[in-house]
Amino acid sequence: MVKYEAPVLERVFAALADPTRRGVLDSLSGGSLGVSELAAPHGMSLPGFMKHLRVLEDAGLIAREKEGRVVSCELSAAPMKAASAWMSRYEKFWSDKLDSLARYLYQQEELQTWNKPNSPKSLRSPSRAATPSHRKRSGARGPTRKR
């Protein structure tokens with residue numbers, strides 16, 4: 001059995017819970033980027049954005065490197081592997097439950113098809129005589145607008 005450090009997983013899942021931080025990780029999947037490049041599409045203040053980067057860094061999902069005045073960030077996928085391994089333990093459980101639901105729904109669909117009439121002919125009258133259609137009368141003319 002694989003043992004996980006709960007604080008590591010908690011930090012990873014907490015970091016992944018925010019859409020801004022997931023967006024940062026998506027941006028970094030293409031390679032290393034500067035902080036200002038990462039912050040631009042999110043439309044928030046730089047100090048506010050730096051808090052998101054700090055959460056990602058504390059979770060181990062990114063690594064920051066400062067070169068002169070430029071701070072760049074790089075994706076670190078190792079903590080996500082641990083989270084993926086944790087979630088995969090439950091994949092079999094959910095797959096079994098979803099397969100069971102699919103079998104039940106298929107069975108219900110089959111039962112409904114047995115209970116339906118076989119053809120539209122069964123709804124017809126046994127008489128072969130044509131039923132006359134009634135002409136609809138139009139109503140009186142509606143109100144008109146004067147200009």
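Biologist: Which residues does Thr20 touch, not counting residues up to four places away in sequence?

Modeller: A contact means heavy atoms within 4.5 Å. By that rule Thr20 touches His42, Met44, Phe49 and His52. This is a predicted model, where local features need pLDDT of at least 70, side-chain atom pairs count only at pLDDT 80 or more, and totals for chains, interfaces and linings use all residues. Residues are numbered from 1 along each chain as its sequence is written, and side-chain values use heavy atoms, with hydrogens and water left out.

Biologist: Is Thr20 buried or exposed?

Modeller: Buried means under 20% relative accessible area, exposed over 50%, and partly exposed in between (1.4 Å probe, protein chains only). Thr20 has a relative accessible area of 15%, so Thr20 is buried. Of the 147 residues of the protein, 17% count as buried.

Biologist: In which helix does Thr20 lie?

Modeller: Helices (H or I, at least four residues) and strands (E, at least two) are DSSP runs, numbered from the N terminus. Thr20 lies in helix 2, residues 19-28.

Biologist: What is the order of the strands in the sheet?

Modeller: Two strands pair if DSSP finds at least two bridges between them. Here three strands form an open sheet in the order 1-3-2, with antiparallel pairing. Strand 1 (33-34) and strand 2 (62-67) each have a single partner strand and stand at the edges, so one side of each lacks a neighbour in the sheet.

Biologist: How many bridges join strand 1 to strand 3?

Modeller: Two bridges join strand 1 to strand 3 (residues 70-75). Leu33 stands opposite Cys73 in strand 3.
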